[in-house]
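Here is a short briefing for a first look at a protein model. Start with the display below.

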Amino acid sequence: MTTKTFKVEGMKCSHCKAHVEEAIQALPGVEKAEAHLDAANVAVDFDAAKVSAEAIKKAVDEAGHYELILE
């Protein structure tokens with residue numbers, strides 16, 4: 001299991017936080033996603049053999065007015 005923290009732009013409220021978490025957790029291979037409004041990021045526990053960081057970015061970017069930043 002890999003744990004990685006990604007910056008997320010566009011999260012403004014608890015609804016945004018939940019939307020980002022739900023989009024990520026819907027992906028196969030993701031065990032947990034926990035977004036933090038104050039830090040503007042999301043910590044994701046995932047199986048890198050089943051889901052890529054690019055797939056996580058795509059899910060967040062398509063979930064609304066959010067952008068996950070890959071660094």
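The notes below go from the overall fold to single residues.

This is a predicted model, in which local features need pLDDT of at least 70, side-chain atom pairs count only at pLDDT 80 or more, and totals for chains, interfaces and linings use all residues. Residues are numbered from 1 along each chain as its sequence is written, and side-chain values use heavy atoms, with hydrogens and water left out.

**Overall fold**

- The protein has two helices and four strands; these are DSSP runs, with helices being H or I of at least four residues and strands E of at least two, numbered from the N terminus.
- Along the sequence, the pattern reads β-α-β-β-α-β.
- The radius of gyration is 11 Å, close to the 11 Å from the globule rule for 71 residues, so the protein is as compact as a globular protein of that length. That radius is taken over C-alpha atoms, and the rule is 2.2 Å times the number of residues to the power 0.38.
- A box of roughly 30 × 20 × 20 Å, taken along the principal axes, holds the C-alpha atoms.
- Buried residues make up 35% of the 71 residues. Buried means under 20% relative accessible area, exposed over 50%, and partly exposed in between (1.4 Å probe, protein chains only).
- UniProt, in an unreviewed entry, lists residues 2-68 as "domain: HMA". UniProt positions follow the numbering used here, feature names are shortened, and annotations may be inferred rather than shown by experiment.
- The end C-alpha atoms of residues 2-68 lie 17 Å apart, and the span is 33% helix and 34% strand.

**The sheet**

- Four strands form an open sheet in the order β2-β3-β1-β4, with antiparallel pairing. Two strands pair if DSSP finds at least two bridges between them.
- The edge strands are β2 and β4 (67-69), each pairing on one side only.
- From one strand to the next, the twist averages 30°. Axes are lines fitted to C-alpha atoms, for helices over the stretch in contact, and angles run from 0 to 180 degrees between N-to-C directions.
- Six bridges join β1 (residues 2-9) to β3. Threonine 3 stands opposite aspartate 45 of β3.
- Six bridges also join β2 to β3. Here alanine 35 has valine 42 as its bridge partner, and glutamate 34 faces alanine 43.
- Five of the six residues of β3 are buried, so this strand is largely enclosed by the rest of the structure.

**The helices**

- Helix α1 (residues 14-25) packs on the sheet and touches β1, β2 and β3. Its direction makes about 165° with that of β2.
- Helix α2 lies across β1, β3 and β4, at about 155° to β4.
- Valine 60 sits in helix α2 (residues 53-62). This valine 60 is buried, with a relative accessible area of 0%.
- Leaving out residues up to four places away in sequence, valine 60 touches Val8, Val20, Ile24, Tyr66 and Leu68. Contact means heavy atoms within 4.5 Å.
- Valine 60 and valine 20 are 40 residues apart in sequence and 5.9 Å apart in space, C-alpha to C-alpha.

**The β2-β3 turn**

- Alanine 40 lies in the loop between β2 (30-36) and β3 (41-46).
- The hairpin of these strands has four residues between them, and alanine 40 takes a positive phi near 55°.
- Most residues other than glycine have a negative phi.
- At 30% relative accessibility, alanine 40 counts as partly exposed.
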